[in-house]
Amino acid sequence: MSVGLLSYASYLPRYRLSGVDIGLRRGDRVIAAYDEDSTTMAVAAAMAALPQGVTPAAVYFATSTPAYADKTNATAVHAALGLPATAFVADLCGTGRSAFAALAAAARDGGLAVAADVRVGRPGSADEKLGGDGAAALLFGVGDPIAEYLASHSVTEEFLDRWRDPYASVGAQWEERFGFERYAPLIRAAAEGALAAAGVGDADHVVIACPNTAVMKRAATLVKGQKSVVTSQIGFSGSSDALIGLCGALDVAQPGDTILVLSATDGCDAVVLRATDRLPATRQPVPLSDQRADGLVLPYLTYLSSRNLVATEPPRRPEPDRAAAPPAARSRGWKFGLSGSRCRVCGFAHLPPVQVCRACGSSDEMSAAPAAYLSGTVVTYTVDRLAFSPSPPMVQVVIDVDGGGRCTLELADAQTSELEVGTRVDFAFRRLFTVGGIHDYFWKAVQHRGQ
């Protein structure tokens, strides 16, 4: 059997910048929270795309905004998903072409292709207005696919359209018309080559991703889609742009529909998929359009501070100590995978894990009790206005986890007016803080969207 697309998921952060604050005539801008980065968003998308208990042969993580250099970021994704040590992982850092490389590798041999980016622009810039933060994950493997991988085609050309100094957080772009004139023939050539290789005339759905806004404005004139031409619903999202757009197309495609995905970055890459009868029953639980519509407005100054674009008064508390490597390694299952322990004698669940059961006293009779995919109920909470936090106040919640176990976690994206005893929560991989260039990752609770 050939390798096909088995599942998919997009992830859009909860927060938004008001269009009034950044000069948009309508709409708003999707932004990651202060404790989110490309790694945490990759975990969120991967968890939504990866059925619990399924182990991909490999994880290919594409991003143009990695949390670390000189360290593999995909290993944190691997640990958060609780994958075995034998699963291969790799970073593909750079642009949208990196995401296509991840897609191609996963589609060839089976694996999880995930892309995520946090896009930052200078205040008042087009990047600030027209960018977007987000992630997407595609699981390929042998089995009953939701979409068949038909063909691909690529063309490459060197020219200067968009660039960023490796030490800078914001990028730059040449005049839009120049980029459009270079990209237009490349997009048409890549589309023709991919469709010819797939034996398809015109695709039903066309997804176009490109950092050049002139290309996006005239996307429908470059390639014809019988049913739709899809551009990003969140603005340009870097390496994740094409994959997020593909998720949006999969949300609406019908069995037998063909989807042409085009990513125009320093050339153009194209892939053609065909939806199968399994797609309608196996779509992602929350469509991309619903994720886009569900947002909370973040004050503009808070956003600028979280991106280090302005310096505000820090919390008047000592900063946390830098995370140390040895204890993080010893508690990897709990810290990265949110895996507790369950007593094999009495069934009592412990979060975090222990060796001696608190209920029956049995020693060394524990099995793993993963909780990351579970939900829970708030039994009590505290709003702490004195604790160190980049976004005070810090909200701590005590949670009864479904299936057993109780733990205390920080509540992310907290809406205290909506929080009460009995609130249902899920778990999200987030960044607690960064000290000395080291990111301290752990899990937080998040309220169910719409709650």
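Predicted model: local features only at pLDDT ≥ 70, side-chain atom pairs only at ≥ 80, totals over all residues.

Colleague: With which residue does aspartate 133 form a salt bridge?

Modeller: The general idea is that side chains of opposite charge can pair when their charged atoms come close. Here the partner of aspartate 133 is arginine 307, and the closest N and O atoms are 3.2 Å apart. Aspartate 133 lies in the loop between helix H5 (126-130) and strand S7 (134-142), and arginine 307 in the loop between helix H11 (300-306) and helix H12 (325-330), so the pair ties together parts that are 174 residues apart in sequence. Arginine 307 is also buried, its relative accessible area being 11%.

Colleague: How many salt bridges does the structure hold, and which residues are joined into one network by shared partners?

Modeller: The structure holds 20 salt bridges. One of them pairs lysine 444 with glutamate 410 at 3.4 Å, N to O. Since lysine 444 lies in strand S23 (residues 438-447) and glutamate 410 in strand S21 (residues 406-412), this pair ties together parts that are 34 residues apart in sequence. Both lysine 444 and glutamate 410 are buried. Another salt bridge is that of aspartate 413 with arginine 430, where the closest N and O atoms are 3.0 Å apart. Aspartate 413 lies in the loop between S21 and strand S22 (424-435) and arginine 430 in strand S22, so that pair ties together parts 17 residues apart in sequence. Aspartate 413 and arginine 430 are likewise buried. Through shared partners, salt bridges join Asp35, Glu36, Glu410, Asp413, Arg430 and Lys444 into one network.

Colleague: How should I read the boundary between domains, and what area is buried between domain 1 and domain 2?

Modeller: The size of an interface is often given as the accessible area lost when the parts come together. In this chain the domain assignment gives domain 1 (3-307) and domain 2 (325-447). The centres of the two domains, taken over C-alpha atoms, are separated by 30 Å. To the contact, domain 1 contributes 21 residues and domain 2 contributes 22 residues. The buried area is about 2,000 Å², and carbon and sulfur atoms give 55% of that area. Of the area that domain 1 buries against domain 2, Tyr34, Asp35 and Met47 supply 30%, more than any other three residues.

Colleague: How many salt bridges are counted between domain 1 and domain 2?

Modeller: The count is 4 salt bridges. Aspartate 35 also takes part in a salt bridge with arginine 430, at 2.9 Å, N to O.

Colleague: Is threonine 39 buried or exposed, and which residues does threonine 39 contact?

Modeller: Threonine 39, in helix H2 (residues 38-49), has a relative accessibility of 1% and therefore counts as buried, the limit being under 20%. Leaving aside neighbours within four places in sequence, the residues in contact with threonine 39 include Phe61, Ala67, Asn73, Phe429 and Tyr441.

Colleague: Finally, which residues make the nonpolar surface patch?

Modeller: Leu160, Trp163 and Trp174 make this patch, of about 320 Å². Leucine 160 is found in the loop between strand S8 (147-156) and strand S9 (162-163). With a relative accessible area of 42%, leucine 160 is partly exposed.

Key
Residues numbered from 1 in each chain as written. Heavy atoms only, no water. Patch = residues over 30% accessible without salt bridge, like charges linked within 9 Å, V, L, I, M, F, W, Y side chains within 5 Å. Areas by Shrake-Rupley, 256 points an atom, 1.4 Å probe, with all protein chains shown as cover. Salt bridge = Lys/Arg side-chain N within 4 Å of Asp/Glu carboxyl O. Helix = DSSP H or I, 4+ residues; strand = E, 2+ residues; numbered from the N terminus. Buried < 20%, exposed > 50% of the residue type's maximum accessible area, 1.4 Å probe, protein only. Domains from an automatic or database assignment. Contact = heavy atoms within 4.5 Å. Buried area = accessible area lost by both parts, 1.4 Å probe.
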